[in-house]
Amino acid sequence: MFQDLGALYGALDKAHPTVVLFDYDGNIGEIEELLQFLKGTKSAVMAMNSSPVYSDGILLLKEGARALLNTYASPNNINQAVKAVVGGNIWLYPEFIQMMIRQNSMMAAQHHEALDPLSARERELAEMVALGMSNKEIGQTADITEQTVKTHLKTVYEKLGVASRLELAIMVNNARR
């Protein structure tokens, strides 16, 4: 839409948007500049890239991006991301969350009392989530259906008072320390 960042910055100065969706394909420097430009404003940046790289995503989150999306994201995912960001939350594509979980799960497997409410089977599945495994992978490893995995995880979420895979993975990884 904008041929240069100067024109974009001028438009942003006038409009004060709630959300800025920026496709940084191939140029991480441009979105870093944009994040610096918008720092201290109420505008939230949603970063898009056709070939997202995990390390770029981590950098952009540290710089203040509020959402990371693949350029080919479905309209439904883009809608979800906008709603999350407008609501003050962060939205990440599922593969990025799985990579975050994998990166954070390189610790010794020592259990903590936070996981005590779980049965042995529930704890086993929670550990697999913390390793970054998908429901399908968990089902194959545990020799159960994907629907059974979902049912077990719903119970795990309720018992531990968590609302997402990421929260569960963080809790499990913290319990290992």
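Side chains of opposite charge can pair when their charged atoms come close. In the predicted structure, four salt bridges are found, and three of these pairs are described here in turn. One of them joins Arg 121 to Glu 124, with a separation of 3.2 Å between the closest N and O atoms. Both residues belong to helix 6, which covers residues 120–130, and they lie three residues apart, or about one turn of the helix. Arg 121 has a relative accessible area of 29% and is partly exposed, and Glu 124, at 33% relative accessibility, also counts as partly exposed.

A salt bridge is likewise formed between Lys 154 and Glu 158, whose closest N and O atoms are 3.2 Å apart. Lys 154 and Glu 158 are both exposed. A further salt bridge brings together the side chains of Arg 123 and Asp 116, at 3.6 Å from N to O. Arg 123 has a relative accessibility of 17%, and because the cut-off for buried is under 20%, this residue counts as buried.

Two packed helices are described by the angle between their axes and the distance between the axes. For helix 2 (residues 28–38) and helix 3 (residues 54–63), the angle is about 15° and the axes are 10 Å apart. Since angles under 35 degrees count as roughly parallel, helix 2 and helix 3 are therefore described as roughly parallel to each other, and their crossing is right-handed. On the side of helix 2, the contact is made by Ile 28, Ile 31, Glu 32, Leu 35 and Gln 36, while helix 3 contributes Asp 56, Leu 59, Leu 60 and Glu 63.

The packing of helix 6 against helix 9 (residues 165–175) has an angle of about 105°, with the two axes 8 Å apart. Because angles of 65 to 115 degrees count as roughly perpendicular, this description applies to helix 6 and helix 9. Helix 6 takes part in the contact through Ala 126, Glu 127, Val 129 and Ala 130, and helix 9 through Arg 165, Leu 168, Ala 169, Val 172 and Asn 173. The residues of the contact between helix 6 and helix 9 include six nonpolar, one polar and two charged.

Helix 6 also holds Glu 122, which is buried, with a relative accessible area of 7%. When neighbours within four places in sequence are left aside, the residues in contact with Glu 122 are Pro 117, His 152, Thr 155, Val 156 and Lys 159.

The other buried residue considered here is Leu 68, which has a relative accessibility of 4% and is found in strand 3 (residues 67–70). The C-alpha atom of Leu 68 is separated by 5.1 Å from that of Leu 92, although the two residues are 24 residues apart along the chain. Leu 92 is also one of the residues in contact with Leu 68 once neighbours within four places in sequence are set aside, and the others are Ala 47, Gly 57, Leu 60, Leu 61, Trp 91, Tyr 93 and Phe 96. Among these, Leu 60 also takes part in the contact of helix 3 with helix 2.

Note on methods:
Residues are numbered from 1 along each chain as its sequence is written. This is a predicted model: local features need pLDDT of at least 70, side-chain atom pairs count only at pLDDT 80 or more; totals for chains, interfaces and linings use all residues. Side-chain values use heavy atoms; hydrogens and water are left out. Buried means under 20% relative accessible area, exposed over 50%, partly exposed in between (1.4 Å probe, protein chains only). Helices (H or I, at least four residues) and strands (E, at least two) are DSSP runs, numbered from the N terminus. Axes are lines fitted to C-alpha atoms, for helices over the stretch in contact, and angles run from 0 to 180 degrees between N-to-C directions. Angles under 35 degrees count as roughly parallel, over 145 as roughly antiparallel, 65 to 115 as roughly perpendicular and the rest as oblique. A crossing is left-handed if the near helix is turned anticlockwise from the far one by less than a right angle, and right-handed if clockwise. Contact means heavy atoms within 4.5 Å. Ala, Val, Leu, Ile, Met, Phe, Trp, Tyr, Cys and Pro count as nonpolar, Asp, Glu, Lys and Arg as charged, and the others, Gly among them, as polar.
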